[in-house]
Amino acid sequence: MRIRLMAAIAAAKITHYLSKTMGGRGSSLPGLIALRVFPGTLEALVRQVPCTVLVTGTNGKTTTNNMLAGVLESSGLRVIVNREGANLITGVTAAFVRAAGIGGRLKHDAALLEVDEAAFPRVAELVKPKVVIVTNFFRDQLDRYGELDKTVSFIKTTLQKIPAVRLVLNADDPLVAQLADVGRPFIFYGLGNRIRGEEVQTPTREARFCPLCGEEFIYAYYHYSQLGAFRCPGCGFARPPADVEAHTVIAKKHITHCGIRVKDSITQVTLPTSGFYNVYNALAVMGAGLWLGVEPDRVSASLMTYVPAVGRLQRFVYKGRPVYLNLVKNPAGFNESLNLICSSEPKDVMIALNDNHADGRDISWIWDVDFETLERQKQILSYICSGKRAEEMALRLKYAGVPIGRIEVHPNIKSGVRRVLEGMGSVVYLLATYTALWPVDKVLRRHAMEVADADRLSSLPRPS
Amino acid sequence: MLTVCHLYPGLLNLYGDRGNIIAFERRCRWRGIPVKVEEVNLGEVIDFARTDFLFLGGGSDREQELITADLRTRCTDLAGAIEDGLVVLAICGGYQLLGHYYRTLDGTEIPGLGILDFYTQAGDKRLIGNIAVEMEFDGRRIQTCGFENHSGQTFLGDIKPLGKVLKGYGNNGRDGFEGARHKNVFCSYLHGPLLPKNSHLTDYLLKLALERRSHKLFIERLDDSFEESARRVMLRRMGLK
């Protein structure tokens with residue numbers, strides 16, 4: 001078996017090298033090759049790592065996983081991470097292969113893996129995780145998954161099959177909170193109270209109805225899509241009390257301060273990023289820290305130095321103006337991005353929409369995004385629509401009521417990026433779906449400078 | 001004033017289908033035709049006689065059962081309004097429930113409303129992908145396109161199909177037909193959503209709704225260059241046009 005494992009690793013490493021030289025990212029293909037050469041590759045490698053954590057759910061997987069990696073690395077642990085968002089079984093295998101020596105040995109302390117919801121059952125049964133974090137369930141790429149209910153029920157059945165797994169669950173999402181009844185130890189995290197000033201109500205809520213009895217939920221308030229204080233008048237299923245809970249959230253430009261209660265003590269956390277959803281990601285990491293024996297203060301110190309991954313509100317500078325790149329992949333996440341671009345400064349926006357397999361071939365979901373909020377945003381000077389479905393994006397904006405004179409179609413990503421950078425506004429936002437993200441990032445790097453984390457940190461208060 | 005009724009928006013809103021409502025409403029407004037959209041949820045009152053355009057979308061299985069039960073109580077009214085020329089667009093799950101029944105893989109027949117003559121049989125494989133359909137209305141043949149995603153296969157009885165499949169699966173992947181049409185009821189498996197890109201169809205529905213109220217029969221043309229190019233991109237990709 002060792003020979004076959006070594007052959008698989010060698011083949012995968014060669015693939016990785018070749019694909020890098022040819023300009024690819026080499027994030028999944030080596031895994032595919034390794035599994036072809038020796039189907040037991042992942043099992044043989046994962047067995048050597050004492051602790052595996054899986055992060056699944058619709059939004060926030062990459063950020064949560066990367067934040068957690070930062071926390072464990074700063075505690076001196078050696079971790080394996082599938083960083084690039086390569087979150088199917090091939091991407092997970094590739095991460096292990098990359099970490100392994102040519103002899104197939106691993107000396108790592110932990111593996112932190114973000115796993116696609118649909119791939120979760122297969123990956124989880126193979127790697128038998130010690131901890132599973134479930135972030136949220138929104139509608140995402142349904143043409144691959146069938147409907148959301150099915151995805152959630154597959155995850156539920158899988159969790160019942162893994163012995164000794166401990167869960168970290170989002171208390172504010174009824175679809176996630178219901179997983180607590182699989183009979184495994186769990187920690188709940190959530191936002192404490194009506195933290196978000198305005199009444200947020202979008203028509204794209206997934207979980208209007210109780211997954212247990214079918215009655216319509218009553219909400220005391222929402223935070224974000226269906227996340228909030230839900231209660232079912234039928235069976236009494238309600239937002240459970242959280243062990244890790246944010247009580248104050250102060251969002252400033254580029255940073256977010258929050259006060260988080262962990263069991264009975266309060267920890268202050270400063271995240272070097274904006275975006276309300278990042279608070280959820282930080283809470284999930286704090287929760288996982290409890291299972292992994294990492295003190296909240298340690299988590300907090302590490303989160304301060306968090307650097308966003310590609311396309312997670314990444315910052316660049318072009319001719320002295322800030323430029324932001326953000327991944328958009330489903331209505332809930334896109335609506336959050338729209339909140340960002342509705343800020344008051346004059347700006348230019350590019351939206352790159354692809355319909356490759358990894359983006360979801362069905363792009364109907366853009367009609368569930370509340371672009372209608374843009375109708376009155378006079379400070380958005382131009383909308384550059386790009387990618388394989390640029391024309392459809394332009395059509396969506398037209399029907400949202402955006403003046404058509406501000407909409408331009410540049411299917412070619414290179415010309416789209418160039419055009420938006422030359423806009424007249426004082427800020428540039430680029431929103432891209434999954435497979436458009438790297439091409440946009442690549443072109444952007446040729447023109448603009450990424451803001452390095454050293455610069456970012458100097459603008460933060462020093463930890464006391 | 002045209003009244004658009006979005007039935008069960010909280011339940012039947014899979015795959016961006018509310019884009020159909022957005023398209024119908026905007027195209028009225030751009031022409032200065034007064035329009036209002038009413039959202040009707042489970043148990044709420046609907047006056048089909050006052051409705052000009054009724055939209056039924058698709059939902060997940062569980063949601064589908066809830067609404068079929070609710071609609072059954074309104075079935076006679078709905079069937080009457082349909083015979084009277086009510087303009088209806090029913091997509092996917094909304095399409096299936098107007099027929100006789102949905103037969104699951106284990107043979108159970110979930111009764112539909114039985115207003116239109118067709119039935120649906122669960123298939124073992126989901127029919128997923130881009131689809132192009134040739135439809136004919138007002139004596140013109142139009143190539144429409146969208147995205148289909150259904151496991152149910154629908155077989156028509158004594159009712160006309162909405163169009164012929166040019167690329168993709170359509171009703172059942174076998175007989176080459178897509179959707180169903182009876183009076184002013186248009187049933188289809190096309191998500192995408194259907195109406196924004198296929199503006200000929202939207203305008204045709206709008207015209208039928210106006211005619212039923214004996215309003216003006218002429219509707220002004222709009223600049224449809226965005227609609228046309230979004231449609232053309234997909235037709236071209238499917239090797240048409």
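Surface patches are made of residues with over 30% relative accessible area and no salt bridge, where like charges are joined within 9 Å and nonpolar side chains (Val, Leu, Ile, Met, Phe, Trp, Tyr) within 5 Å. A salt bridge here is a side-chain nitrogen of Lys or Arg within 4 Å of a carboxyl oxygen of Asp or Glu. This is a predicted model, in which local features need pLDDT of at least 70 and side-chain atom pairs count only at pLDDT 80 or more. Residues are numbered from 1 along each chain as its sequence is written, and chains are lettered from A in the order in which they are written.

**View 1. A nonpolar patch on the surface of chain A includes A:Y17.** A:Y17 belongs to helix α1 (a DSSP run of H or I, at least four residues). With a relative accessible area of 56%, A:Y17 is exposed (over 50%; buried is under 20%, partly exposed in between).

**View 2. A:R2, A:R78, A:R105 and A:K107 form a positive surface patch.** Lys and Arg count as positive, with each charge placed at NZ of Lys or CZ of Arg. A:R2 sits in helix α1, residues 2–21 of chain A, and is partly exposed at 33% relative accessibility.

**View 3. B:K125 lies in strand β7 of chain B.** The strand covers residues 118–137 (strands are DSSP runs of E, at least two residues). B:K125 is partly exposed, at 46% relative accessible area. Look also for B:H150: 25 residues from B:K125 in sequence, its C-alpha is 8.8 Å from that of B:K125.

Conventions: Side-chain values use heavy atoms; hydrogens and water are left out. Accessible areas come from the Shrake-Rupley method with a 1.4 Å probe; for residues, only the protein chains shown count as cover. Buried means under 20% relative accessible area, exposed over 50%, partly exposed in between (1.4 Å probe, protein chains only).
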